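Student: I would like to learn how to read ring pairs and helix contacts in a structure. Could you take me through one example?

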Amino acid sequence: MKRALPWSDQIDVISSDESSSSSSSSSSSYSSFDVEVQVNDGTKNVAVDQPPKELSSDGLLIRKAEIYQEYMKQLPIPTQRGSVIPFTTWMGLGRSIKQLYGQPLHYLTNILLKQWDHSRVGSEDEHRPLDIIIHPCKAEATVWLVEELHRQTSSHHHMAKLWQSDPMHHAFIDSIFPQL
């Protein structure tokens, strides 16, 4: 494949802020603007599509939540159990599951595991490891059941509302991206 321009050719890009009137009639949410590309001595005008300049933070958060939810729906729930996972807390079990299966857990599942850990504070079994109280296989199956519900049925609008109310929401969004 040949390059359109050799590396030695200099390119100057000059853009104007004015949107073209022809872009307002298109069905795309992108606006067009004119760019002058100067290659050596010749100048060409090119229309370039760009995303809208002003997208509300609410709209952006809803879009991020929608993309996130669609991504999570694509991940298959493991059908084969890897091994019995010892754990002392729900969040610890979640971390072990992520490592063992190489999959992220849904934001809402991570929040729920945190809430389950907090609900133990003040109980008589607060300091006992959870794998003594509940069998590790049952606990893992419970997490995967909740995970399946969150992946398949959660509303991106609901998640966007939760994210908006929690400035640290990104701490509960796993960055593990498996290969599908």
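Tutor: Let us begin with burial, where buried means under 20% relative accessible area, exposed over 50% and partly exposed in between, with a 1.4 Å probe and protein chains only. Tyr68 counts as buried because its relative accessibility is 11%, and Trp163 counts as buried because its value is 5%. Bear in mind that this is a predicted model, in which local features need pLDDT of at least 70 and side-chain atom pairs count only at pLDDT 80 or more, while totals for chains, interfaces and linings use all residues. Residues are numbered from 1 along each chain as its sequence is written, and side-chain values use heavy atoms, with hydrogens and water left out.

Student: How many aromatic pairs does a search of the whole structure find?

Tutor: Rings of Phe, Tyr and Trp (its six-membered ring) pair if their centres lie within 6.5 Å, and planes under 30 degrees apart count as stacked, over 60 as edge-to-face and the rest as tilted. Searching the whole structure gives five aromatic pairs. One of them joins Tyr68 and Trp163, which are edge-to-face at 5.7 Å centre to centre with 65° between the planes. This pair links distant parts of the chain, since Tyr68 is in helix H1 (residues 57-74) and Trp163 is in helix H6 (residues 156-165), 95 residues apart; helices here are DSSP runs (H or I, at least four residues), numbered from the N terminus. Tyr68 and Trp163 also belong to a cluster with Tyr107, linked by ring pairs.

Student: Which helices carry the residues of that pair, and how do I read the way H1 and H6 cross?

Tutor: Two packed helices are described by the angle between their axes and the distance between the axes. The axes are lines fitted to C-alpha atoms over the stretch in contact, and angles run from 0 to 180 degrees between N-to-C directions. For H1 and H6, the helices named with Tyr68 and Trp163, the axes come within 8 Å and cross at roughly 125°. H1 and H6 are therefore oblique to each other, given that angles under 35 degrees count as roughly parallel, over 145 as roughly antiparallel, 65 to 115 as roughly perpendicular and the rest as oblique. Their crossing is right-handed, a term used if the near helix is turned clockwise from the far one by less than a right angle, with anticlockwise giving left-handed.

Student: What is the make-up, by class, of the contact of H1 with H6?

Tutor: Ala, Val, Leu, Ile, Met, Phe, Trp, Tyr, Cys and Pro count as nonpolar, Asp, Glu, Lys and Arg as charged, and the others, Gly among them, as polar. The contact of H1 with H6 has seven nonpolar, four polar and three charged residues.

Student: At what angle do H3 and H5 cross?

Tutor: The axes of H3 (residues 107-119) and H5 (residues 136-153) cross at roughly 140° and come within 9 Å, which makes H3 oblique to H5. H3 passes H5 in a right-handed crossing. Where they are in contact (heavy atoms within 4.5 Å), Leu108, Thr109, Leu112, Leu113 and Trp116 of H3 meet Thr142, Val143, Val146, Glu147 and His150 of H5.

Student: Is His150 buried or exposed?

Tutor: His150 is buried, with a relative accessible area of 16%. Leaving aside neighbours within four places in sequence, His150 is in contact with Gln69, His106, Leu108, Thr109 and Leu112.

How values were computed:
Helices (H or I, at least four residues) and strands (E, at least two) are DSSP runs, numbered from the N terminus.
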